[in-house]
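Hi,

Here is the structure I promised to pass on. Have a look at it first, and then read my notes below.

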Amino acid sequence: MAAMLHALFLSIGQLGDRPVIAVFVKSMLVTLALFAALGAALWFGIQWTLAHWFAASQSMASLAAAAAILLAALGAWLLFRAIAIAVVGIFADEVVHAVEAKHYPDRLALARDISFARSVMMGIRSAARAVLANLAFSPVYLLLLVTGVGTPIAFFLVNSWLLGRDLGDMVAARHMPDRDLRRWRNTTRIARFATGAAGTALFFVPFVNFAAPVLGAAMATHVFHRRTGK
């Protein structure tokens with residue numbers, strides 16, 4: 001716990017660094033653009049479908065589209081988390097590089113660059129895992145509603161596990177060959193889950209949630225190097 005808090009405070013202290021600010025601005029702009037595009041596609045798609053396939057009036061089509069937007073807003077947390085982590089994954093190399101340059105320069109000298117294409121694929125896989133895993137667990141979430149607290153706890157645990165893997169891979173991919181990644185994942189389950197839990201908790205804090213992906217990537221860098229440095 002103390003190590004995780006230390007990693008969090010170090011990450012917060014670096015939020016003002018120019019490379020980190022650049023990643024934050026770029027990731028937020030791309031995330032907001034994707035949200036706007038998805039919202040517009042949902043709105044016009046539902047209107048067109050109702051008008052052409054169900055002969056609905058313009059007012060009914062608009063009402064249905066508004067309802068769909070409202071439902072989408074209810075799932076905005078999951079959508080924001082999936083898209084934001086995917087986008088930050090594309091630029092994560094810059095965050096990891098900034099943290100290593102300041103705190104682990106000897107490790108930076110040994111790091112390998114991650115291609116943009118691979119970063120994009122890692123981001124897409126991260127978003128897909130988040131959406132598919134939560135859909136798979138949705139029956140469990142529904143069943144646990146009767147407990148009052150079971151659903152948010154299960155939701156938190158599932159997303160902590162997912163985020164821990166995503167953040168860990170962002171850093172580990174720079175420092176080990178692909179053939180060693182699976183073994184590394186098997187030996188760092190607890191540390192990665194703790195990192196994911198800390199990052200997931202940040203997503204629930206208003207305003208802080210916008211910086212959560214960048215903070216998570218920075219925290220994962222500290223956790224990785226403190227463990228592999230022992």
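**What I found inside**

Helix 2 (18–53), helix 4 and helix 10 each supply at least two residues of the lining of the second largest cavity. Helices here are DSSP runs (H or I, at least four residues), numbered from the N terminus. A cavity is a set of points on a 1 Å grid over the protein atoms alone where a 1.4 Å probe fits but cannot get out, and lining residues have an atom within 4 Å of a point.

Before going on: this is a predicted model, where local features need pLDDT of at least 70 and side-chain atom pairs count only at pLDDT 80 or more, while totals for chains, interfaces and linings use all residues. Residues are numbered from 1 along each chain as its sequence is written, and side-chain values use heavy atoms, with hydrogens and water left out.

Back to that cavity. About 30 Å³ of space lies in it; a volume is the space filled by probe spheres set on the grid points, which are joined across faces, edges and corners. Among the residues lining the second largest cavity are Ser27, Ala84 and Phe210. Its lining has six nonpolar, two polar and no charged residues (Ala, Val, Leu, Ile, Met, Phe, Trp, Tyr, Cys and Pro count as nonpolar, Asp, Glu, Lys and Arg as charged, and the others, Gly among them, as polar).

The largest cavity has a volume of about 60 Å³. Helix 4 (76–103) and helix 6 each give two or more residues to its lining, and helix 4 gives the most, with three. Met122 and Met170 are among the residues lining the largest cavity.

Those two methionines turn up again where helix 6 meets helix 7: Met122 is one of the contact residues of helix 6, and Met170 is one of those of helix 7 (contact means heavy atoms within 4.5 Å). How do the axes of helix 6 and helix 7 cross? They come within 10 Å and cross at roughly 160° (axes are lines fitted to C-alpha atoms over the stretch in contact, and angles run from 0 to 180 degrees between N-to-C directions). Helix 6 and helix 7 are therefore roughly antiparallel, a label for angles over 145 degrees.

Helix 7 also meets helix 10 (residues 208–228), with axes within 9 Å that cross at roughly 65°. Met170 of helix 7 takes part here too, along with others including Leu167.

Cheers

Terms used:
Parallel < 35°, antiparallel > 145°, perpendicular 65-115°, else oblique. 1 Å grid on protein atoms, 1.4 Å probe; cavity = no way out; pocket = protein on both sides within 12 Å on 5 of 7 lines; lining within 4 Å.
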